[in-house]
Amino acid sequence: MVSYCRERLLPIADIITPNVKEASALLGGAQIKTVAEMRSAAKLLHEMGPRFVLVKGGDLPNSSESVDVFFDGKEFHELRSPRIATRNTHGTGCTLASCIAAELAKGSSMLSAVKVAKRFVDNALDYSKNMVIGTGRQGPFDHFFCLNKNLQSSRCSIFNPDDLFLYAVTDSRMNKKWNRSIVDAVKAAIEGGATIIQLREKEAETREFLEEAKSCVGICRSHGVCLLINDRIDIALACDADGVHVGQSDMPVDQVRSLLGPDKIIGVSCKTPEQAHQAWKDGADYIGSGGVFPTNTKANNRTIGLDGLETVCKASKLPVVAIGGIGISNAESVMQINAPNLKGVAVVSALFDQECVFTQAKKLHKTLKETTREM
Ligand SMILES: Cc1ncc(COP(=O)(O)OP(=O)(O)O)c(N)n1
Ligand SMILES: Cc1ncsc1CCOP(=O)(O)O
């Protein structure tokens with residue numbers, strides 16, 4: 001059985017998710033008692049063929065944490081959560097693997113899928129820890145815990161691709177022109193219906209920007225809306241933003257991931273199928289694709305048109321948000337390309353180069369809702 005797995009299954013697998021005992025068996029009895037040994041095991045298992053390896057550390061002795069090691073062939077990620085003291089662990093491995101498969105089908109990157117799955121299993125374990133079913137040494141856990149209506153508020157804070165629906169990207173010049181602070185602009189956008197915010201402040205001084213970013217993080221958290229920072233990994237780290245958006249000439253995504261860790265959201269701009277594929281390989285969570293239409297907001301930006309957007313969506317395994325020259329008058333034509341992974345539109349001037357950000361956000365949100373309802 002073990003040799004069959006090694007020779008026939010591992011070379012064709014996208015991901016394998018052994019616990020430490022299974023990893024040890026696959027490696028002919030290697031000792032795996034520490035996180036360092038889990039990392040070595042993940043590397044050796046990767047050499048056997050699977051594209052990704054997750055060695056699960058739930059059985060690791062003497063640890064107050066549950067540490068899983070994820071390896072993509074280049075980078076390691078240690079995914080940590082508090083260990084839940086329970087004997088009701090029967091079924092966790094199957095649930096984790098099913099959850100990863102479901103998240104991949106929804107368009108997540110492998111790393112995002114694994115993170116969501118781990119969080120799901122941890123929540124289910126916590127919910128099931130005191131359940132008494134049967135008389136065996138090990139009990140089952142309840143992976144239907146989400147159906148319990150009283151638990152709806154414990155929804156995990158991991159990236160949800162549907163949050164890309166109305167993506168508001170700020171612009172300091174526009175806010176200056178209309179004489180409002182970034183903070184007021186962000187608040188108005190959220191109240192009007194923006195579902196995710198990016199601070200794209202090209203001219204801001206670092207110290208002032210950081211203070212504003214901190215205030216925006218506060219507003220976004222209180223509304224349950226994610227906040228990303230454009231380009232500036234340092235600002236994102238310092239204000240504990242939910243993630244960053246980077247372009248093709250900014251820091252490469254795999255290095256951004258190393259700096260931010262597995263839990264932050266990373267978006268990357270892509271104009272071509274090749275760039276979209278690379279973004280997925282490097283561990284991005286979504287891609288921004290455009291300019292769909294000509295724009296005055298970003299100089300020298302090549303327009304890819306609706307056809308270009310469609311080509312990128314078809315090639316992308318990640319959720320996509322369209323950007324560039326989009327507003328109330330043409331948002332419908334964008335969403336009508338009807339690609340399953342096109343999750344929304346990102347806009348700058350349609351919200352922020354306007355007298356009332358709130359009103360424009362509300363109108364655009366309504367247009368998007370009507371358009372997507374009809375599809
Ligand atoms: C959602 C989204 N998509 C694309 C971009 C463009 O980012 P980038 O290519 O880094 O260009 P600049 O924004 O830095 O001019 C974006 N910001 N957001
Ligand atoms: C940042 C960016 N990236 C591609 S187009 C663009 C500008 C989008 O601004 P607008 O929504 O005002 O056209």
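Me: Which of the 16 residues around ligand 1 come nearest?

Reply: Gln198, Arg200, Lys202, Ser269 and Lys298 do. A residue counts as near a molecule if one of its heavy atoms lies within 4 Å of it. This is a predicted model: local features need pLDDT of at least 70, side-chain atom pairs count only at pLDDT 80 or more, and totals for chains, interfaces and linings use all residues. Residues are numbered from 1 along each chain as its sequence is written, chains are lettered from A and ligands numbered from 1 in the order in which they are written, and side-chain values use heavy atoms, with hydrogens and water left out.

Me: What is the make-up of the shell around ligand 1 by class?

Reply: Sort by side chain: Ala, Val, Leu, Ile, Met, Phe, Trp, Tyr, Cys and Pro are nonpolar, Asp, Glu, Lys and Arg charged, and the others, Gly among them, polar. Here the shell has five nonpolar, six polar and five charged residues. Two strands, β8 (243-246) and β11 (320-323), each supply at least two of its residues. Strands are DSSP E runs of at least two residues, and helices are H or I runs of at least four, numbered from the N terminus.

Me: Which polar atoms lie by the oxygen atoms of ligand 1?

Reply: Look for polar contacts, pairs of N or O atoms within 3.5 Å. Arginine 200 places a polar side-chain atom 2.7 Å from a ligand 1 oxygen. For lysine 298, a side-chain N or O atom sits at 2.8 Å from an oxygen. Glycine 247 uses a backbone N or O atom, at 3.1 Å. On its own, ligand 1 has 430 Å² of accessible area (Shrake-Rupley, 1.4 Å probe). The protein covers 90% of that.

Me: Where does ligand 1 sit?

Reply: In the second largest pocket. A pocket is an open set of points on a 1 Å grid over the protein atoms alone, where a 1.4 Å probe fits, with protein on both sides within 12 Å along at least five of seven lines. A molecule sits in one if more than half of its atoms lie within 2 Å of its grid points.

Me: What surrounds ligand 2?

Reply: Its neighbours include Arg200, Lys298, Gly325, Val348 and Ser349. The shell splits into three nonpolar, six polar and two charged residues. Ligand 2 also takes up space in the second largest pocket. A side-chain N or O atom of serine 349 is 2.5 Å from a ligand 2 oxygen. Taken alone, ligand 2 exposes 370 Å², and the protein buries 93% of that.

Me: Which backbone features deserve a look in the loop between β10 and α12?

Reply: Most residues other than glycine have a negative phi, and most peptide bonds are trans. The bond from glycine 290 to glycine 291 is cis, with omega near 0 degrees. Glycine 291 is in the loop between β10 (286-290) and α12 (305-315). Asparagine 300 lies in that loop. Asparagine 300 has a positive phi of about 55 degrees.

Key: Polar contact = N/O pair within 3.5 Å; in protein donor to acceptor, adjacent residues only side chain to side chain. 1 Å grid on protein atoms, 1.4 Å probe; cavity = no way out; pocket = protein on both sides within 12 Å on 5 of 7 lines; lining within 4 Å.
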